[in-house]
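Please examine the sequence and the structure shown below.

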Amino acid sequence: MTHSEPARATTRRIRISRTRVAGLLVVIAAIAAALGYQSLASSSSTGASPIDVLRSEHRGLRGEHRGALGEPDGAAPDGATVGALGEADGAVPDGTTVFDDEIPGVANLDPGLLGALRQAATDAADAGVEFYVDSGWRSPEYQNQLLREAVSEYGSEEEAARWVATAETSAHVSGDAVDIGPSDAAAWLSEHGAEYGLCQIYDNEPWHYELRPEAIDHGCPPTYSDPTQDPRMQQ
Ligand SMILES: [Zn+2]
């Protein structure tokens, strides 16, 4: 093909129309992104998965306090964050793993639970699945704050109790429970956890795992539909 004038004109027209198409695609992508954001926002506010709302708030809490926790001695840089809850109360930074001994939310877990989690996480990693700790041990103060948040989120103590236990009853406060994410890690545990004595306890919390050593030989016990059905929560 020669570089004749008509051919160049044709090329130019094609370029122009490609530019227009590209511009249109950008507009479409922007609209789609806006709609996607709206639908995400509305699905979280309508409570399709209520805990996600709480979890995003917890992330906010973690983020808020990370600056203060960045101080070498862990002290708040000024009076503004005194009384605020941070890592010392069990808030865990994003990306925390079951191997992060320096994070109290991990270090204060029951040693048996932690050992089982580390074995499972090692084997899961071999299968290409990464475990992250969304929540582990929590101080009573932190648990109470979560409960207060849940009551205001769900509008009643009864509904909040389906998702967040009290400081007296929470297995997180005693160091006997961990919330594992993301969903593929929870799915891996759902399939393989019993081999390590790690069991899902509640149908509505597929990320919440506790140690049930007998599960290694006998499988995990039946789940409760939600924490209100758990006799341990009847206090
Ligand atoms: Zn949990």
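Thr169 is located in the loop between H6 and E2, where helices (H or I, at least four residues) and strands (E, at least two) are DSSP runs, numbered from the N terminus. Thr169 counts as buried, its relative accessible area being 12%; buried means under 20% relative accessible area, exposed over 50%, and partly exposed in between (1.4 Å probe, protein chains only). A polar contact of 2.9 Å links the side chain of Thr169 to the side chain of Thr166. A polar contact is a pair of N or O atoms within 3.5 Å; within protein, one must be able to donate a hydrogen and the other to accept it, and residues adjacent in sequence count only if both atoms are side-chain atoms.

The model is predicted: local features need pLDDT of at least 70, side-chain atom pairs count only at pLDDT 80 or more, and totals for chains, interfaces and linings use all residues. Residues are numbered from 1 along each chain as its sequence is written, and side-chain values use heavy atoms, with hydrogens and water left out.

The metal site comes next. The zinc ion is coordinated by His172 (NE2), Asp179 (OD) and His208 (ND1), at 2.0 to 2.1 Å. Donors are N, O and S atoms within 2.8 Å of the metal (3.2 Å for Na, K and Ca); water is not among the atoms, so sites may look incomplete. His172 lies in the loop between helix H6 (157–160) and strand E2 (177–181), while His208 lies in strand E4 (residues 208–211), so the pair ties together parts that are 36 residues apart in sequence. Both His172 and His208 are buried.

The strands form an open sheet of four, in the order E1-E2-E4-E3, with antiparallel pairing. Two strands pair if DSSP finds at least two bridges between them. At the edges are strand E1 (132–135) and strand E3 (198–200), each of which pairs on one side only. The antiparallel strands E1 and E2 are joined by three bridges, and Tyr132 stands opposite Gly181 in E2. Helix H7 (residues 183–192) lies across E2, E3 and E4, and runs at about 120° to E2. Axes are lines fitted to C-alpha atoms, for helices over the stretch in contact, and angles run from 0 to 180 degrees between N-to-C directions.

Asp94, in the loop between helix H2 (50–69) and helix H3 (104–107), is partly exposed, with a relative accessible area of 47%. Glu205, in the loop between E3 and E4, is buried, with a relative accessible area of 5%.

| Pair | Separation in sequence | C-alpha to C-alpha distance |
|---|---|---|
| Asp94 and Ser135 | 41 residues | 9.9 Å |
| Glu205 and Asp226 | 21 residues | 7.6 Å |

Leaving aside its neighbours within four places in sequence, Glu205 is in contact with Arg162, Trp163, Gln200 and Pro227; contact means heavy atoms within 4.5 Å.

Finally, the protein as a whole has eight helices and four strands. Of its 235 residues, 39% are buried. Among contacts in the protein with a separation of 6 or more, 59% are between residues 24 or more positions apart.
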